[in-house]
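Here are a few exercises to work through with the model open beside you. Try each task before you read its solution.

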Amino acid sequence: PRRIRTLDLIKAKAEGRRWAMLTSYDQYTAALFEQAGVEALLVGDSAANNVFGHATTLPVTVDELIPLARAVASATNRALIVADLPFGSYEISDEQAVATAVRFMKEAGVHAVKLEGGARMASRIRAITNAGIPVMAHIGFTPQAEHNLGGYKVQGRGEAGTALLDDARAVAAAGAFSVVMEMVPTGLAGQVTAELKVPTVGIGAGAETDAQVLVWQDMAGLRTGRAPRFVKRYADLHSVLTEAVETYVDEVKSGVFPEPERSFD
Ligand code: KIV
Ligand code: NA
């Protein structure tokens, strides 16, 4: 089976077929997720939280994200691989944005990039697209701007709905092949989805979008503690891994492991 392309995802929307996206930051999850049927993988700047242990997405750098993206791209042959442009790597100018996107294409071998922001980023989206690189837009709650937005909040409620609709139109007009909407009211996300020709990807945006995305450590229950309302835990990897490691530690200490059949004469 050949690699999924942006046009396939746009066609899926036209034909009323939904698709699934998950984050991935390493070869094992990437290969497993595409084998399990996930159409698009996001090497998110959420690696800042979920790989590097930062409190926000802001600290992660291009040099840190590229090796993860290369691992994900190399380990797959079917999924469309999208890499996030990290905070600080595209805000300064269209030229900076194109240069960063080119690095992800050349050095990581991804198939598209994602950046945060609506109408204010239209010029960046157009510039990167004109360089031959597909762009996934990200509107609504944009974690890189959390200090500006005043924390994790639903975006586009009430009067702000007009601005969100304008953002969606602006990024689509600028050439985005898909639009992520994060923490947007269901009705508004549905309205955007109905209006745009390109597929929308929801995270905390209700069930009316064309696709969904989640952080894999959240959906697989590896991360514990309070999760956002939009997270659904499909497994409890934290418990599974804890039990395995506790048993290993016990067996090492009691001398049960390694058994004779795992040892050499
Ligand atoms: O970095 C990320 O994980 C994301 C999403 C979950 C959309 O941007
Ligand atoms: Na992100």
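**Exercise 1. Find what follows α11, then check the helix's length and cover.**

Step 1. Helix α11 is followed by Gly255, whose phi is positive, near 85 degrees. Helices here are DSSP runs of H or I with at least four residues, strands are E runs of at least two, and both are numbered from the N terminus. The model is a predicted one, where local features need pLDDT of at least 70 and side-chain atom pairs count only at pLDDT 80 or more, while totals for chains, interfaces and linings use all residues. Residues are numbered from 1 along each chain as its sequence is written, and chains are lettered from A and ligands numbered from 1 in the order in which they are written.

Step 2. α11 covers residues 237-254, and its 18 residues at 1.5 Å a residue should span 26 Å; the end C-alpha atoms are 26 Å apart, so the two agree. The expected span is 1.5 Å times one less than the number of residues.

Step 3. Count the buried residues in α11: the result is 0. Buried means that 20 or more other C-beta atoms, placed from the backbone, lie within 10 Å of the residue's own.

**Exercise 2. Trace the barrel and look at β8.**

Step 1. Follow β1-β2-β3-β4-β5-β6-β7-β8: these 8 strands form a closed barrel with parallel pairing. Two strands pair if DSSP finds at least two bridges between them.

Step 2. Strand β1 (residues 19-23) joins β8 in the parallel sense over 4 bridges, with Trp19 bridged to Ala211 of β8.

Step 3. Strand β7 (residues 200-203) pairs with β8 in the parallel sense over 2 bridges, and Gly202 has Gln212 of β8 as its bridge partner.

Step 4. Within β8 (residues 211-214), Ala211 and Val213 point one way, Gln212 and Leu214 point the other way, and all are buried.

**Exercise 3. Which residues have the most contacts inside the largest nonpolar core?**

Step 1. This core has 76 residues, and the answer is Ala69, Val110, Val113, Val171, Ala176 and Val179. A nonpolar core is a set of buried Ala, Val, Leu, Ile, Met, Phe, Trp, Tyr and Cys residues joined through C-beta atoms within 7 Å.

Step 2. Helix α4 (residues 62-74) gives the most to this core, with 7 residues.

Technical notes
Buried ≥ 20, exposed ≤ 12 C-beta atoms within 10 Å, placed from the backbone.
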